[in-house]
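Let's take a walk through this structure together. We will begin at the ligand and then step back to the protein around it.

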Amino acid sequence: MRTIAVIARKGGSGKTTLATHLALAAHLRGRQAMLADADPQRSSTEVLRLRQIPGPQVVETAGPKLFALKVAALRDGVETLVIDTPAGPETEVCHAIVLAELSLVVVRPTYLDLVMAVRTVEILHRLGRPGLIVLNQAPFSRAGAEPPPVRKALDALKLLHTPIAPVIIRARMAYQEALSMGLSVEELTPPGPAAQEIDQLWSAVEDRMAGRL
Ligand SMILES: Nc1ncnc2c1ncn2[C@@H]1O[C@H](COP(=O)(O)OP(=O)(O)O)[C@@H](O)[C@H]1O
Ligand SMILES: [Mg+2]
């Protein structure tokens, strides 16, 4: 079983958006997928409840309960377990980090997100756990050139000694529209640019877990 924690010490960076999309990506690729919603706000539970067709199982949980949940998921044949975490207390997030093969660190290209990303990556390093950074809600590139906030963010993130996903997730209405129906952008707008981003993010996560990134 693959366990992926989606983390960021900053609210609103896109943890729930990417956690639900990764769980849906696993499901759409034929894996038995479970989304563990460890955020008391229960946003990913709300999102997947809107789904009218079969999808990943979603379980409401909390940091200290994650170990028992992982054991149960393993026993039940779950192949991909995605953990959506709260922005809040470090201890809550640490439970997810230690149980995951990989922690996906979600960062927007803003100063405050970058400051918090440094702290999040520090936790990963302290715990000796692997991470993958992904830039989310990024403005669009123009004529192939990244806008200054994206360039600055990438330069700063390179200093953190943690791989950065080769795909940048842009700010797109498709993500919000899809989740308002409990769908992935891979279902709502295939083969559009958002769907391609999620496919590339899925590949980056697999590559990182296989040690290729
Ligand atoms: N790539 C994106 N494009 C457009 N909107 C996004 C994107 N990622 C997140 N959002 C929006 O930003 C807000 C916060 O995202 P969310 O996933 O709930 O963050 P978090 O779980 O980290 O608090 C939501 O309204 C969500 O729809
Ligand atoms: Mg959330």
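Start with Lys15: an N or O atom in the side chain of Lys15 lies 2.7 Å from an oxygen atom of ligand 1. As you look around, keep in mind that this is a predicted model. The backbone takes part as well. A polar backbone atom of Gly12 is 2.8 Å from an oxygen atom of ligand 1, and for Ser13 the corresponding distance from a polar backbone atom to a ligand oxygen is 3.2 Å. How much of ligand 1 does the protein bury? On its own, ligand 1 exposes 560 Å², and 75% of that is buried by the protein.

Ligand 1 takes up the space of the largest pocket. Two elements each give two or more residues to the shell around ligand 1: helix H1, covering 15–28, and helix H7, covering 173–179. H1 gives the most, with 3 residues. In total, 15 residues surround ligand 1, and the closest are Gly12, Lys15, Thr17, Asn136 and Gln176.

Finally, step back to the protein as a whole. Its secondary structure comes to 9 helices and 6 strands. The C-alpha trace spans about 45 × 40 × 30 Å along its principal axes. Does the radius of gyration point towards or away from a compact globule? A compact globule of 213 residues would have a radius of gyration near 17 Å, and the protein has 16 Å, so the two agree.

Conventions:
Residues numbered from 1 in each chain as written. Chains lettered and ligands numbered in written order. Predicted model: local features only at pLDDT ≥ 70, side-chain atom pairs only at ≥ 80, totals over all residues. Heavy atoms only, no water. Near = heavy atom within 4 Å. Polar contact = N/O pair within 3.5 Å; in protein donor to acceptor, adjacent residues only side chain to side chain. Areas by Shrake-Rupley, 256 points an atom, 1.4 Å probe, with all protein chains shown as cover. 1 Å grid on protein atoms, 1.4 Å probe; cavity = no way out; pocket = protein on both sides within 12 Å on 5 of 7 lines; lining within 4 Å. Sits in = over half its atoms within 2 Å of the grid points. Helix = DSSP H or I, 4+ residues; strand = E, 2+ residues; numbered from the N terminus. Rg over C-alpha atoms; globule rule 2.2 N^0.38 Å.
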